[in-house]
Amino acid sequence: MRATRHGGVLETEALIIGGGATGTGVMRDLALRGIHCILIDRRDLNAGASGGNHGLLHSGARYAVGDPDTAAECRREGDILKAVAPECIDACGGLFVAVEGDDPEYAERFSEHCRTAGIECTTVTPAEARELEPCLSEKVFAAYRVPDATVDPFRITLENVNHAQQLTQSLFLAHTELERFVVDDGTVRSAICRDTRTGETITIRARQVVNAAGAWAMRVARLAGCSGVELLYSKGTLIISNARIGRRVINRLRRPGDGDILVPGGTVSLLGTTSETVQSLDDVHPTVAEVDRLVAEGVAMVPQIAHTRFIRAFSGVRPLLMAAGADADGRKASRGFSLFDHESDGLANFATVAGGKLTTFRLMAEKTGDLVARRLGNSEPCKTASTPLPSADAIRWTEPGFAPRYWAARREPGDLIVCECEMVPASAIDSIVENAPGADSQMSLNAIAVRSRVGKGTCQGAFCSLRLTSHLYDRQVYDSPAGLRHTRDFVAQRFKGVAPVAWGEHLPQLELAEALHCGLLGLDHLAEDT
Amino acid sequence: MIKQPRHHRAELLVIGSGLAGMAASLFALDRGVEVALVGNTGAIAFTTGYLDLLGYDGKGLVHDPWQALARLREDEPRHPLGNVAEDDIRDAFTRFTRALTEMGLGYAAPGPRNVLALTPAGTLKPTLSLPLTMQPALAAMARGLDTLVVDFIGLNGFSARELVANLAPRWPGLRTQRIGFPDMDSGAEVYAEVLARALEVPATRQRLAERIRPLLGSAKALGLPAILGVHRPDHVHRELQSLLGVPVFEIPTMPPAVPGVRLRELFETRLPQRGVALEPQHKVKRLELLPQGITARLEDPYGEVTIEAAAAVLATGRFTSGGLSADSDRIRETLANLAVVQPEGRAAWHRADYFDPRGHGINRAGVTVDERWRPLDAAGKPAHPRLFAAGSLLAHQDWIRQRCGAGLAIATAYKAVDAALARG
Amino acid sequence: METASQTASRTIDFKAAARELLPPGASYDACLSCGLCSAGCPASGLEGMDPRRFIRMAMLDMNEELSTTAWIWTCTQCQRCKYICPMSIDVSVLVGLARGAWPSEKKPRGIVRSCEAQLRFPGTSAMGLQEEDFVEAVEEGVTAVRRQSDRFARLEAPIDKQGAYFFVNQNSREPATEPEEMGPLWKIFEYVGADWTYSSKGWAAENFCMFTGDDEAWRRMVEQRVDAVNHLGCKVWLNTECGHSFYTLWKGVERFGLKADFEAGSLVSYYARWIREGRLPVNAEWNTQGIKFTVQDPCQLVRKSLGDTMADDLRFVARTLVGEANFIDMAPSRSANYCCGGGGGFLQAGMKELRWAYGKRKFDQIATTQADYVLTPCHNCHSQIEDLGQHFQGHYRVVHLWTLICLSLGILGADERKYLGPDLARLGL
C-alpha cells in the first residue's frame with residue numbers, strides 16, 4: 001500500500017514522530033487496539049539508532065553485573081520477540097569470553113549475576129569455547145554460554161508499519177519533517193510538517209501526539225514547549241566484515257568497553273562498539289580512530305580480526321536519558337527508558353518515550369500505547385506480547401541470506417540479479433517499489449537499500465548502484481535526470497561508511513567504485529556546465 | 001619431476017600490462033628494442049575505451065586540454081603530465097592511437113579539443129580520442145539526429161531508457177527500443193562480451209540487423225551498447241552499418257565490459273607478433289635490482305620464469321592493479337620497495353564527501369620520479385640507475401577525477417622509455 | 001573426510017576451504033565482484049550459475065547449494081576465470097573440491113566408470129583395454145605399417161624398452177577403436193630417429209580420476225604411470241596429443257609429492273623442435289588448394305601448463321604445416337582461448353544439452369575463422385569440437401597434428417585418413 005501524499009491536511013487519531021523501532025512499535029501497538037496512526041520521519045525508517053546498532057537481541061547478560069533490572073527486562077522482552085517475530089531473529093546463542101588481562105573477578109561474578117537476573121548462563125571451559133567457536137583466541141581463560149540472539153531491526157520496523165497499515169490503514173510518511181506544533185489551550189492541535197524533498201507543507205491534525213524520535217526526542221519535546229526530556233547523545237561506531245565470523249555472538253567478559261561484541265549478521269559480522277558523547281546529531285560519521293580502536297580490541301578475542309576484510313563502518317547515536325548525577329561516559333548513563341506524559345508541562349495529548357534500547361522497544365511501545373489509548377478513551381489492552389508479527393512479500397528482503405536462498409529455490413533465469421553481492425533479484429526491487437512501507441513514485445536508491453540488502457555486501461553499492469539505477473529507469477520509476485541524483489546520493493552515502501575501513505583488500509574496491517561513479521558515469525559533475 | 005625453468009633476456013623489461021605498460025612496449029618496439037612484458041589485467045579491464053588526456057582541472061570542465069595542460073604546469077608543478085613537454089605528449093598520443101589503429105582497433109587521432117562523449121547513463125564525458133566504433137555518436141548528437149538507441153533483454157545494467165532520459169534535454173531526437181539478441185533472448189542474463197563474440201560471426205550480424213531494421217523507422221543513426229565484436233570491432237562496425245544503412249555507434253557499458261577486453265586481447269596477440277616476450281596475466285613475484293641489471297621472477301603454473309633485463313619500466317598501476325597496497329595505516333609500493341608519497345595516516349586518505357571537488361588525498365599518493373623518470377627510494381635517490389616508472393602509479397595526479405588516465409599512461413610511458421634507452 | 005551419509009553430498013564449508021586452498025590476496029575475500037570471470041566463462045548461465053556467483057554463494061555460506069549444484073560438472077576447471085581476474089582468483093579449485101564431495105553414485109556415471117576402469121588394471125586404460133590387448137593392438141598396427149612401404153619395413157613400436165630416451169603414453173581411443181591412427185606417430189618417431197618406448201604397465205594417457213574429484217584415485221593413477229617411467233629409466237615422459245594427460249601427470253607429481261626422475265615433455269614441443277632442427281622437414285607445399293586451418297589451444301596444455309610458449313610451438317608447427325596464408329588464428333587465442341567444453345569429463349558426463357550450450361562460443365570462434373579444419377593436439381578437444389560441428393551444423397573437420405605431419409611428408413597411409421575430408425582424403429596416394 002503506497003503512502004498517499006496530498007499537500008494540505010491529514011487527520012488521524014495518533015501522530016507518531018520517529019520511524020525507528022520504538023515509533024513503529026507504538027504505531028503497531030495502537031493499530032492493534034484499532035487506532036489509526038500517522039507515523040512521520042524526517043528521513044526514513046530506522047534513520048537513527050534503530051538503523052545503526054549491532055542487531056543484538058540481548059540475553060541481558062551484558063547488564064547482569066551492572067544493572068540487573070535492565071538485564072531481566074532484556075531477557076523477558078527477548079523471549080517475547082523470539083515468540084512473536086521469529087523470522088526477524090536468529091537465536092544463534094552467545095558466548096562471553098574473558099581474555100588474558102581481563103578482570104578475573106568480574107569473570108567469576110558473572111554467572112551469579114546472570115542467575116540473579118534469571119538469565120540462563122552455562123560455564124564452559126576455554127577449550128570447549130574454542131570448539132564452539134574456533135575463531136576464539138588461545139588466550140581465553142573463562143567462558144560462558146548465554147542465550148543471545150540477533151535481530152534484524154529493519155525487518156522489525158517494516159513489519160510493524162506493514163501490520164499497522166493492514167489493521168487500520170495507518171500511514172507512514174517518509175521525508176516528512178516536523179517544523180512546529182500548533183498548541184492551544186494545553187492541547188497540541190496540529191503538527192506543521194514539510195516534505196523535505198518537495199518543500200511542500202503538510203498539516204497533520206491528531207488527537208494524540210507521540211514523540212518517539214529517539215535521539216531527536218529532545219528537540220521534538222522542546223518544539224512542544226517541554227524541557228524535561230534530557231538526553232545524552234552517545235555515539236557508537238561499528239564495523240562490518242566481508243564474511244561472517246563465528247556462529248554465535250561473542251562478547252567480551254569485562255566491564256563494557258570498546259570493541260566488546262562481535263555479532264553475526266547473517267552473512268557478515270559486526271564488530272563494535274565505541275562510546276563517545278557528542279553534542280550534535282548532525283554529521284555523525286565513523287572515524288578512522290574509532291575503527292582502529294575496534295580492531296585493536298576485537299583482536300584480543302578473535303585474532304583473525306587482524307586480517308579480516310572489513311567492508312563498512314557505521315555510527316549510531318544512542319539517546320541516553322540523563323539521570324541526575326550521570327557522568328560523561330555514556331556507558332554508565334541509564335539504558336533504561338522513560339515515558340513522559342508531559343502533564344506537568346501543561347499538555348494533555350503529548351507524550352514522549354525516550355531512552356531504552358532496541359531489545360525493549362516492544363515494552364516501550366506497550367507503556368506508551370497504554371497511555372495514548374487511555375487518553376483516547378480506548379480500553380483495548382496491549383496485544384503485542386502475544387500477537388505474531390505478520391510478514392509480507394515486500395518486507396522480506398532485509399534478512400541477510402534470504403534473497404540468495406529465494407533465488408536458489410526459484411532459479412528463475414529471467415529474474416536478473418541486481419545486487420550480485422547479496423543476490424537481490426529484480427523482482428524483489430519491484431516488490432519493494434510497489435508495496436513496501438514508505439514506497440513512493442520516486443523512490444530513492446537509499447530507500448530501496450533500507451528495505452533490502454542492496455549495497456550492503458562486498459561492493460558496497462559500487463556495482464549494484466548502476467544496475468539498480470538502470471532497472472529503475474527501465475521500470476520507469478525514473479524518467480529524468482533526477483534518477484541519477486538518487487544514484488549519486490546513494491553512492492555518496494555508501495562512501496561514508498567505506499572510507500574509514502578502506503585498507504588492504506577493500507581499498508581496490510573503493511578505487512574501482514570511484515572509477516565507475518566518476519570516470520564512467522560522471523556523478524561528480526551531474527547537471528553542470530557541459 | 002625435472003622441470004625446465006624458463007629464462008628470458010631482454011633489453012627492456014616492462015612491468016605492468018595496463019595502458020602505460022602497453023604504450024611503453026609499443027614505444028620501445030618502435031625503437032627496435034627487445035622488450036619483455038609482464039603483467040596481469042588491472043584497472044584497464046574497466047575502461048570505457050575512451051582515451052582521456054585531461055578532462056577536468058581546478059577550474060572545471062576542460063575544453064582545450066592542451067591549454068589546460070599549460071595551466072597545469074603552473075598550478076600543479078609536480079603533476080607528471082606537467083613534466084612532459086606538450087610536443088612529447090602530442091607525439092606520444094598520436095603514435096599510440098596510430099598504433100592501435102594499425103593493429104586493428106581504430107581510434108580517432110587526437111585533436112585540438114576535447115569531445116564530449118556518451119556514458120551509459122546519458123551523461124557526457126570529456127575525452128580526447130574515441131574508438132572509431134563510438135565516434136558516430138558525436139556527429140549524431142551535434143546534429144540532433146533522429147536516433148534509435150537499442151538495448152537488449154538480459155543485458156544487466158544497460159538501460160537505453162536511462163541514457164535517453166538523461167540525454168533528452170540536449171538530444172531530443174532520441175528514441176529507445178529493447179530487443180532480444182539472436183539465440184540469447186530467453187530473458188536470462190547476457191554479457192556484453194558474449195554478444196560481442198557472437199557478432200564476429202557474419203550470420204549473427206545478419207540476424208541482428210534483421211531484428212533492428214524494422215525498428216529504425218525515420219532514425220538516421222543507431223546507438224548500441226558496446227558489443228560490436230572483440231577481435232575486429234571496426235570490421236563488425238562497418239558490416240553492421242552497411243547492413244542497416246545508417247551510422248551506428250557504440251556506447252560504453254558498465255563492467256564487465258568489452259573495450260577493456262579488446263585492448264587486452266589486442267596486445268596479447270599483437271605484441272608477441274612484433275617480438276615482445278609476453279608473459280600474459282602473470283604478476284612479477286620478486287624484482288631484483290642488481291648492479292648488472294634488473295631481474296624479475298614470476299611463477300606460471302609450470303614453474304619459475306626469470307626475466308633479466310638491462311632496464312625496466314615499472315607501470316604497475318595503483319590499488320586495483322596491485323602496484324600499490326596498504327595496511328591500515330601506510331601505503332606501500334609492492335615490488336621494489338619504493339618510497340610512496342602519501343598523506344599521513346588513514347584519516348587523511350579520504351575526505352568526508354565522496355564527491356568533494358578537491359578529490360581524495362589517497363588518489364594523489366604514489367611514487368615520485370627524478371627528472372629522468374626514475375622512481376625514488378626511501379632515501380630520495382633513484383632506486384636503480386636503470387629502473388623507470390610510468391602511469392597511474394605516479395604521485396601528484398588524480399587520474400580518476402581529472403580524467404587524465406590515458407594521457408598520463410601514454411605520455412609518461414613515452415618519457416620513461418626515452419629515458420630508459422638514453423645513452424649515458 | 002568421510003561422509004555421514006552415502007547418498008548425500010558431503011557439505012563443504014566453501015568459504016573456509018577458499019581461505020585454506022587459495023593464496024592470500026587471490027582468495028574469495030579479494031573478489032571485487034566485477035564479473036569479468038563470468039563474462040569470460042563459457043559455463044556462465046548453465047544451471048543459473050557462473051563463477052562470480054559461485055564466489056558469492058561461498059561467501060554467503062550457501063554451502064548446501066554449492067555442494068549439490070550440477071554446475072560443477074559443467075565447469076571444466078579450465079582456469080580461464082583465474083586468467084582474466086584482476087586478483088587472479090581461481091574459482092575452479094573449489095569446483096574440484098565439490099566434485100570430490102559428491103557420493104560416487106551421484107557423480108556422472110560415465111566419468112566414474114572410466115576412472116574405475118582405469119584403476120582396475122595396471123595398464124590404466126579407461127576403455128578397459130588390458131596390457132595384452134594393448135600389446136596386441138600395437139603389434140598388429142606395426143605389421144600394418146610395415147606393409148605400407150619399404151621405408152617403414154622395419155618400423156618398430158617398442159614396448160617396455162629399458163632405458164629408452166622417451167616414454168610415450170597412448171590415449172586409449174586409438175588402440176581401442178581406431179588402431180590405424182597410431183601409425184602416423186610411429187612413423188614420425190622413425191623419421192626423426194627418436195629412441196622411444198611404450199610401457200605395458202601404465203601405458204594409457206587419459207586420467208578420468210582427476211575429473212571425479214577423487215584425489216586418492218588421481219594419485220593412484222599418476223603413481224602407476226610415474227612408477228612405469230621410473231622403472232624404465234626414461235629421460236623424458238613424452239605426452240601424446242592429449243591435453244589433460246599432460247596436466248594430470250605433472251600436476252599430480254607436484255600435488256602428491258611423487259618422485260619422478262624425468263622431464264615432462266609434450267609432443268607438440270618436440271614436433272616444433274624437430275622441425276626447427278630440420279629433422280622433420282615438413283612444409284606446406286601439399287596445400288595447393290589453400291585449405292584453411294585454425295588451431296585449438298587445449299586448456300590443459302596451454303593455459304594450465306606451459307602457457308604461451310606451448311601455444312607458440314603449436315602455431316609454429318601449424319603454420320609450417322599448412323602455410324602462413326592458410327592459417328587463421330581464432331580469437332581469443334593462446335592462453336586467453338576459450339575452453340571447448342570437452343574436458344573435465346564433460347564428454348563422458350552425459351549432459352549433452354549443457355555441453356553444447358557451453359561449446360557454442362567455441363563453435364562461433366571457429367565459424368568466424370571460416371577454417372576448413374581445426375588442428376588440435378588434444379583428444380577431448382578433438383571429440384568435442386567435432387561434436388559441436390555436427391550439432392551446430394558447421395563446415396569443418398578436426399585433425400590431429402600427426403596426421404598432417406605425415407601428409408606433408410608424403411607418408412600418410414591410405415587407412416590413416418579417417419579425419420580428413422574428401423578434399424584431402426586422396427592427397428598423395
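**Exercise 1. The fold of chain C**

Among contacts in chain C between residues at least 6 apart in sequence, what percentage join residues at least 24 apart?

*Solution.* Let us start with the ground rules. This is a predicted model, in which local features need pLDDT of at least 70 and side-chain atom pairs count only at pLDDT 80 or more, while totals for chains, interfaces and linings use all residues. Residues are numbered from 1 along each chain as its sequence is written, and chains are lettered from A and ligands numbered from 1 in the order in which they are written.

Step 1: a contact is a pair of residues whose C-beta atoms, placed from the backbone, lie within 7 Å. For chain C, 78% of the contacts between residues at least 6 apart join residues at least 24 apart.

Step 2: chain C has 20 helices and 7 strands (DSSP runs numbered from the N terminus: H or I of at least four residues for helices, E of at least two for strands). Its radius of gyration is 21 Å, close to the 22 Å of the globule rule for 429 residues, so chain C is as compact as a globular protein of that length. Here the radius is taken over C-alpha atoms, and the rule is 2.2 Å times the number of residues to the power 0.38.

Step 3: along the principal axes, the C-alpha atoms of chain C fill a box of roughly 70 × 45 × 35 Å. Of its 429 residues, 62% count as buried, meaning that 20 or more other C-beta atoms, placed from the backbone, lie within 10 Å of a residue's own.

**Exercise 2. Between the chains**

Which element of chain A gives the largest share of the side that touches chain B?

*Solution.* Step 1: the contact involves 44 residues of chain A and 43 residues of chain B. Step 2: H15(A) supplies the largest share of the chain A side, 10 residues. Step 3: by class, the chain A side has 25 nonpolar, 11 polar and 8 charged residues.

Step 4: chain B also touches chain C, through 31 residues of chain B and 32 residues of chain C. On the chain B side, H6(B) gives the largest share, 4 residues.

**Exercise 3. Helix H4 of chain A**

Check the length of H4(A) and locate its bend.

*Solution.* Step 1: at 1.5 Å a residue, the 13 residues of H4(A) (104–116) should span 18 Å, which agrees with the 19 Å between its end C-alpha atoms; the expected span is 1.5 Å times one less than the number of residues.

Step 1: H4(A) bends by about 35° at A:Phe110, the angle being taken between axes fitted to the seven residues ending there and the seven starting there.

Step 2: A:Gly118 follows H4(A) and has a positive phi, near 80°.

Terms used:
Contact = placed C-beta atoms within 7 Å. Nonpolar A, V, L, I, M, F, W, Y, C, P; charged D, E, K, R; others polar. Buried ≥ 20, exposed ≤ 12 C-beta atoms within 10 Å, placed from the backbone.
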